[in-house]
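Visitor: I would like to learn how to read salt bridges in a model. Please show me the structure and take me through some cases.

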2 protein chains.
Amino acid sequence: MSNFSILKERLMQETKVKISEAVGEDLMIVQAMNTIDELNKVLNSLSKRLREWHAYTLPELNHDVEDNEAYCRLISTKSYDELKDEFGKNTMGGKLSDEDIEIQIDIAKNITETFKMKDKLVLYVETLMKRIAPNISILAGSSIGARLIVNAGSIKRLAMMPASTIQMLGAEKALFRHLKTGARPPKHGFIINHPYVAAAGNSKGKVARILADKLSQCAKIDFFKGDIVADKMRKELDEKFKKE
Amino acid sequence: MSNFSILKERLMQETKVKISEAVGEDLMIVQAMNTIDELNKVLNSLSKRLREWHAYTLPELNHDVEDNEAYCRLISTKSYDELKDEFGKNTMGGKLSDEDIEIQIDIAKNITETFKMKDKLVLYVETLMKRIAPNISILAGSSIGARLIVNAGSIKRLAMMPASTIQMLGAEKALFRHLKTGARPPKHGFIINHPYVAAAGNSKGKVARILADKLSQCAKIDFFKGDIVADKMRKELDEKFKKE
């Protein structure tokens, strides 16, 4: 009995170690990317709220500045009178009390801070990507690369995927529509945003296939901690796609 | 022609003044309450994200601390080792790098700041409510009072409503279900949260009717800038509902 309980204790210990080892760096990327997506939604909805509110007093600013980050930064850094001088000298907006303006500035500051938070996360993902998937980062860029890893679930699963699956990652909806209704199959998923594919004109499908093929090699090399080969690949592809 | 253009100019001027005067303080309450609702959603979703992420390294903290604000404050103020000592000495959580922990702390700080922002907005609404709707604030509390104004659209529209409408504000869905399908009519909307109604046991409907009647009087008095009568009302109702 005593032997048995020692065995049990040991096994428990070992399981705990294994669970704790299973937390890999690619999981961090998955979490960070999900948080970035959430932040994008949050920033959008909060900026809209501030715009609606602030437009009571200075609708011209809302109209002239389309970028949310710039809009919030303006409100949080310049005084109301400065903004009025700059954007709407004869504004129709109502006069608000100092209290109202103050709380709007507070909200704008909070949103600006959250924008900075998002930038930090993007940088963090970049650093991680360079470390755990250097080849993918070089060839696809850290943002598209991270999307691929998130969609696959982990770098291991991405490494096990055939190139054609990598080509379609992010286009699941169109792919299943194709399988179900016989509509035209998608030619590319996330990699549509890659400069090669975006610039390819009518041969997007072909370029996407070649790129996915190379990315699949990169994923395998990165997963098995191989050398850096992506810069050479990138040079070759640069040549190839320039000629066409 | 010159006379005509002068007239046009004058009319434009006058319209601008009227538009700018139409921005009343109750509009500020509407905006602030909408922003508070948005912030509640935001805080919820961001906290969930952080919980999911942080649970990789210290699942015990996620389990033990249910309140989102407390959870984020703990992560943003205590070091990882302190948290580990306090919540999970033999944690199964994986070991994260300093970088990972740092970004989690940043997110926790950001969420904590956003919680503070929300508290500021709640205070702001309270101040406004005391100024533009002192009687409603005394009788219903600033939070329920603000909800009533937001739902009515403005203090003017709330003042014009019959008591029975005020009683139902916030229960529109149940009311229309009643009208459409003949289901039982709702007895109360937002005022269900009022201490009188909440404590009323089986006579919730009756208490809600009496309260809505008094609130309707308060709304009229507040809109026409009358005296403070709500403290007397409150005393009467306190007596009345205690007896039952």
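Guide: What follows is a short walk through salt bridges in this predicted model.

Visitor: What is a salt bridge here, and how many are there over all chains?

Guide: The criterion is a side-chain nitrogen of Lys or Arg within 4 Å of a carboxyl oxygen of Asp or Glu. By this rule the count over all chains is 16.

Visitor: Which residue forms a salt bridge with A:Arg147, and where do the two lie?

Guide: The partner is A:Asp37, with the closest N and O atoms 2.9 Å apart. A:Arg147 belongs to helix H8 (residues 142-152) of chain A and A:Asp37 to helix H2 (residues 25-54) of chain A, so the pair, 110 residues apart, links distant parts of the chain. A:Arg147 is partly exposed at 26% relative accessible area, and A:Asp37 is partly exposed at 29%.

Visitor: What about A:Glu52 and A:Arg49: where do they lie?

Guide: Both are in helix H2 of chain A, three residues apart, which is about one turn of the helix. A:Glu52 is partly exposed at 42%. Buried means under 20% relative accessible area, and A:Arg49, at 17%, counts as buried.

Visitor: Which residue of chain B does A:Lys120 pair with?

Guide: A:Lys120 forms a salt bridge with B:Asp106, the closest N and O atoms being 3.2 Å apart. A:Lys120 sits in helix H6 of chain A and B:Asp106 in helix H6 of chain B, so this pair joins two chains. A:Lys120 is partly exposed at 42%, whereas B:Asp106 is buried at 18%.

Visitor: Which residues are linked in a network of salt bridges?

Guide: A:Glu25, A:Arg131 and B:Glu99 are linked in this way.

Terms used. Residues are numbered from 1 along each chain as its sequence is written. Chains are lettered from A and ligands numbered from 1 in the order in which they are written. This is a predicted model: local features need pLDDT of at least 70, side-chain atom pairs count only at pLDDT 80 or more; totals for chains, interfaces and linings use all residues. Side-chain values use heavy atoms; hydrogens and water are left out. Helices (H or I, at least four residues) and strands (E, at least two) are DSSP runs, numbered from the N terminus. Buried means under 20% relative accessible area, exposed over 50%, partly exposed in between (1.4 Å probe, protein chains only).
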